[in-house]
Amino acid sequence: MKRKKQFRLLTAWLLLAAILTACAGKGGQTPAAATAQTTAAPAETTAAPETVPAETTQEAATAAQTEAAETTAAETEAEEATAAETEAAVDRYEEIIDRSGDDGKFVVYFLDLEVGPDATDKSGDSTILISPDGKVMLLDAGHPDAADMVIQVLEDLGIETIDYLVASHPHIDHIGGIPAVVEKFPVGMAYRSYVDYTTQTFNNYINALEKAGIPVTQVKTGDVIDFGEQMQIEILGPEEEIEYPEGFPQSSTQFLNDHSVLMKFHFGETTALFGGDLYTSQEREYVELYGEELAVDLAKANHHGKDTSNSNKWIRTVHPRIVAAMGDEMVSMDAYNRYLKEGGEYHFTLVDGIIKVILDDQGNYEVIDQFDSWMN
Ligand SMILES: [Zn+2]
């Protein structure tokens, strides 16, 4: 968690610096006024007792004060740091895992995974989806080193059985954690595409399903899966016939990403779209093929919110009201800005922690981020 925490503190500092610079630029405000402005944000968050347990907030504030005192010399600076750090330190984990009000709702958890500061691999994607009648889907389980985090959240949610276990595509940051998960939880049915791969990670995944005796359904364009009694999932791709590129499995990153399973969830009037790590090349194909059918309320940003994906054309067509990205880094603001321009609210596990989205069947929704960030 250390690296992300540092990142969050850094963003808080940057925000603070930006506000101070803006105030200085105006020339009309004293440093005292600037301080008042920056302390206003955490005051707002602590003033919501129904959403933030007072105990957690107090602990967070105390921790922030301690840290601030250690790291800064001047008293005023320490005050400002406390303000910024308190904002970053609010943690709604307990609120997020509380499922008591979720009956009858479609609930989606975008998990905040990490593989450690020296890792060369990405921590990857893992999403827990719960149908209005309580069926549980795990869509991807991140990198093997992040599997414990996936298991921890499943346990904290009180989940005992995974009804649907879906693999978007065979990369390690999506299927790597699955063997550890199926050792811990019974699984009703595993779903995957017709794409096969040659890595040890892929073999481990297939063997783990087999060893656990989990039935596997391979899905293809045009399939419809029931998700509990009230929801359906349309499989929009890929096809059953897989044309492997020349030289496969060498240089197959784009091929595998473009063959991520594209799923559209339906709950009454409410819709959600998950496309794994689709690149712009395949996004373009789907836009041409499906057009406005791709428009949804909630969308996962493709490929960890990167610029390899999330093209203008895709975003204009999908036009999500809520976008969630899971990733370890944000090398560019382009995808973020494009989604914002189309009117979507963007949430990113890197700064927001776990993202919980609660939807009814009329397109109404609520989003709870684990942490406050400059993004929301
Ligand atoms: Zn990935």
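How many helices and strands does the secondary structure of the protein chain come to? The points below start there.

1. **Overview.** The protein chain comes to 14 helices and 15 strands. Helices (H or I, at least four residues) and strands (E, at least two) are DSSP runs, numbered from the N terminus. This is a predicted model: local features need pLDDT of at least 70, side-chain atom pairs count only at pLDDT 80 or more, and totals for chains, interfaces and linings use all residues. Residues are numbered from 1 along each chain as its sequence is written.

2. Of the 376 residues in the protein chain, 44% are buried. A residue is buried if 20 or more other C-beta atoms lie within 10 Å of its own, exposed if 12 or fewer, and partly exposed in between, with C-beta atoms placed from the backbone. Two residues are in contact if their C-beta atoms, placed from the backbone, lie within 7 Å. Take the contacts with a separation of 6 or more: 67% of them join residues 24 or more positions apart.

3. **The sheet of 8 strands.** This open sheet has the order β6-β5-β4-β3-β2-β1-β14-β15, and its pairing is mixed. Two strands pair if DSSP finds at least two bridges between them. The edges are β6 (216-218) and β15 (365-369); each has a single partner strand, so one side of each is left without a neighbour in the sheet. On average, neighbouring strands of this sheet are turned by 15° against each other, direction ignored. Axes here are lines fitted to C-alpha atoms, for helices over the stretch in contact, and angles run from 0 to 180 degrees between N-to-C directions.

4. Strand β1 (residues 106-110) and strand β14 (residues 355-359) run antiparallel and are joined by 5 bridges. Phe-110 stands opposite Ile-355 in β14. Gly-188 is found in strand β5 (residues 187-192). Gly-188 is partly exposed, with 14 other C-beta atoms within 10 Å. Not counting residues up to four places away in sequence, Gly-188 touches Thr-161, Asp-163 and Tyr-164. Gly-213 lies 25 residues from Gly-188 along the chain, and their C-alpha atoms are separated by 9.8 Å.

5. **The largest nonpolar core.** Which residues of this core touch the most other members? They are Leu-111, Ile-128, Leu-138 and Val-150, out of 80 residues. A nonpolar core is a set of buried Ala, Val, Leu, Ile, Met, Phe, Trp, Tyr and Cys residues joined through C-beta atoms within 7 Å. Leaving aside neighbours within four places in sequence, Ile-128 is in contact with Tyr-109, Leu-111, Val-136, Leu-138, Val-153 and Leu-154.

6. **The sheet of 7 strands.** This one is also open, in the order β7-β8-β9-β10-β11-β12-β13, with mixed pairing. β7 (224-227) and β13 (345-348) stand at the edges with a single partner strand each, so one side of each lacks a neighbour in the sheet. Neighbouring strands are turned by 20° against each other on average, direction ignored.

7. **Two pairs to compare.** Strand β9 (residues 262-267) and strand β10 (residues 270-274) run antiparallel, joined by 5 bridges. Lys-264 stands opposite Leu-273 in β10. Strand β12 (residues 322-325) and β13 run parallel, joined by 4 bridges. Val-323 stands opposite Tyr-346 in β13. With helix α13 (residues 334-341), β12 and β13 make a right-handed β-α-β unit. Right-handed means that, with the strands pointing away from the viewer, the path from the first strand over the helix to the second runs clockwise.

8. **Helix α11.** In α11 (residues 280-290), Gln-282, Glu-283 and Tyr-286 are buried. They cover an arc of only 105° around the axis, which puts them on the same side of α11. The arc is that of the directions from the helix axis to the C-beta atoms. The buried residues of α11 pack against β8, α10, β9 and α12 (312-318). Just after α11, Gly-291 takes a positive phi of about 50°.

9. **Backbone points to check by eye.** The peptide bond from Gly-237 to Pro-238 is cis, with omega near -5°. So is the bond from Phe-248 to Pro-249, with omega near 10°. Pro-238 is in the loop between β8 (231-237) and α10 (253-258), and Pro-249 is in the loop between β8 and α10. Ser-251 is in the loop between β8 and α10 too. Ser-251 has a positive phi near 45° and counts as exposed, with 10 C-beta neighbours inside 10 Å.

10. **Asp-140.** Is Asp-140 buried or exposed? Asp-140 counts as buried, with 30 C-beta neighbours inside 10 Å. Its place is the loop between β3 (136-139) and α6 (147-156). Phi of Asp-140 is near 70°, a positive value in a residue other than glycine.
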